[in-house]
Amino acid sequence: MTAADAGTSIHLENGLTDSQVRERIERGEVNEAPTANARSLGDIIRKNTLTWFNGLIGSLWVIMLIVAPIQDSLFGFVIVANTLIGIVQEYRAARTLEKLAVIGEAKPVVRRNGQDVEVRPSEVVLDDVIILRTGDQLVVDGEVLDAQGLQIDESLLTGEADPVDKHVGEGAMSGSFVVAGSGAYRATRVGRESFAAGLTEQAKKFELTNSELRDAINRFIRIVSYFLVPVGVLLLTSQLIRADLPVNEAIRGTIAGVVTMVPEGLVLLTSIAMAVSVIRLAQRRVLVQDLPAVEVLARVDTVCADKTGTLTEPGMHLGNVVVLGGAAESDVRTALGAIAAAETSPNPTILAIEQAYPNPGWQVVDSVPFSSARKWSSVAFADHGAWVIGAPEMVAPDARDVHEAAAPFASEGARVLVVASGSDAALDADTGPGPVIPVGLVVIDQKLRSDARDTVEYFLDQGVRIKVISGDNAETVAAIAAQAGVPGADDPVDAREAPSDTDDLAHVMTNHSVFGRVNPAQKQQMVDALHLGGSTVAMTGDGVNDVLALKNADLGIAMGSGSGATRAVAQLVLLDSKWSVLPSVVAEGRRVLGNIERVSDVFLTKSVYSTVISVMTGIFAVAFPFLPRHLSLVSALTIGIPGFFLALMPNKERFRPGFFKRVLVFAVPAGFIAAASSWTSYAIALWVGEPVLNAQQAATVTLFIVATGVLAIAARPLNLVRWGIITGMVLAFVAVLYIPPLSAFFALSLGPERYSLVAIGVGIVGAAAVWIAGIIADRWRRAGVDVS
């Protein structure tokens, strides 16, 4: 059967039958499309194993197994263990997200066997009749079968800013969303054949959230990679030719130097910390649709909040109807019942009216559905004329008496609509509503969320600015914002009077916090204006009018009760629609950023001292100062094991930009101090005539002491738990020194010889120097030295 034949055989009223659905499933005509953030076990394994550094270290591990005792190949087993841990944690996080995604995903409504039923997007089949309502996102491509004032926004796909009117027979693209009206369409392209699926596969539109943390770590790894080959060549030639060491010894020393330069565990710990955060947030019913989003919220300095559904409780209640111009109250109530019943895709305001007043059964002749841009809707009835309902400023802009009557209710935070009788002009979406006669005000009560004020106070205490941006009347928005404790609520801005130039708007956004009568395009422009001022912006919202702004923000946060389109574009979805959960999300982000910065101090210090030691060894043409097993031990006890615990500990430090250079401010001098200290112990031991192995033991003891000093600085503030971790690492090292089987395994012991005292003394001096370097680095950071 061709697509054309299908179109004629499938009726709008009935849709597909069960047998027709089964036939299409058997033919594979199901909406199984790629998901931008979906990750299978195979993807996770490949991502954690098939990396450039794993290939390098794995090759060196194989060589080391051939030329040296297995004790010197410990670094390879550590890499395997780390990789397995990373795979397990990421897989747990991925499965957790999948379970939450099923709960949070928007479910399209399809018509089958004459009944409208909700299905998962992946259960839509070719030729399904899909019902469209305001706020729905289209999950497949199709042909419009029914349109009642249907307007679709395709800007996320095409860049076209204005919504497109859709008529019967026209095409509709997956990934677009309904901004006004209602209708139905038939699925003509599903799965990988659909337009949005093609964009996902080609990565043309759906990009990952920017991660400063990930970018900084990758940047450092690139820098280290530039040194690996030249340093390795220098080491190998100096060991073979100038030091005249056996080939096995030269290769062993070269591999020890090169492997230690690589901060291989830092990437792993970052991934684990992110994955654990995702699991923790999932327990709070927060769906993370993009992993770095946790980090971004910690960097946010401005939160733009929609009023309705964010600061206020979801749902609305009709509080009062005020009759105007001598109209009969019964006539106004009857008209409201008819208007509400005529709306095919009612918003919460219309639902509140519908619950209050019954449908009188008036026959609808024509209508203009509500849209966030127009802020009004109209409907014409047979024998009852045309009626308009919407914002007083839009429906009756020149009716001063109407505005004066509405002002007291708006100042208390209520949403106020005017209902008016109109003319034929009211049925023109482009030029309406035309001349009207206001007959009543509809007062919709909105209740502030019980936790809104505490959440606002938290953000303000953390130095985060709050901007309330709403399509409601500016005075209404200001009243709710004042109840929530938002600064600047006494000076709201009516967006109709805001500058259209983004540069000029940036100045307004800097000096004001509350904005009313904002249309969807202006919300997007306001986010852009904040970006011009250097702000990192999070946008929260639940309505279709928030979609464009959510997409443009650094971090889009959708309410679980919001429209499907809103949830689809957001990086975070609050499944329980509780704005109060955001402080815990911020805390998770700060824990990740702060702790990764802590462990970066020790990881990058290791890379620095390894590079310096390798270069010095090449220059002075002596045996490498450490056996590979020595460096594996020091790395495990001063970096790997404690770093794992530090990365998962609580941390409430505020985010500061410039992560990369700020870490280097400490890591570079600390790395040079560690290299100089261990090289000094090594050189003194050789100078007094000690065998090479004894000199290597001296260098290892010194390096451990200095590296422990680095760990102590990174772990600050030192509480009982952190002291316990450091003490445990020291005791483990002492056990290696004095328990014979361990000493023999690691070729490491400490006796009463002179070189032992020198090693301890130099180590203590080095640790003190590192501590001083840490204090100086802290002062530079606090003084605001530009390290960004």
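Thr540 stands opposite Ile557 of strand 20. The model is predicted, so local features need pLDDT of at least 70 and side-chain atom pairs count only at pLDDT 80 or more, while totals for chains, interfaces and linings use all residues. Residues are numbered from 1 along each chain as its sequence is written, and side-chain values use heavy atoms, without hydrogens and water.

Strand 20 covers residues 555-559. Helices (H or I, at least four residues) and strands (E, at least two) are DSSP runs, numbered from the N terminus. Strand 19 (residues 537-541) runs parallel to strand 20, joined by four bridges. Strands pair if DSSP finds at least two bridges between them. On strand 21 (residues 572-574), also parallel to strand 20, there are three bridges. Here Leu572 is the bridge partner of Ile557.

Two right-handed β-α-β units involve strand 20. Right-handed means a clockwise path from the first strand over the helix to the second, with the strands pointing away from the viewer.

Five of the five residues of strand 20 are buried (under 20% relative accessible area; exposed is over 50%, partly exposed in between; 1.4 Å probe, protein chains only). Leu555, Ile557 and Met559 point one way, Gly556 and Ala558 the other.

Ile241 lies in helix 8. Ile241 is exposed, at 65% relative accessible area.
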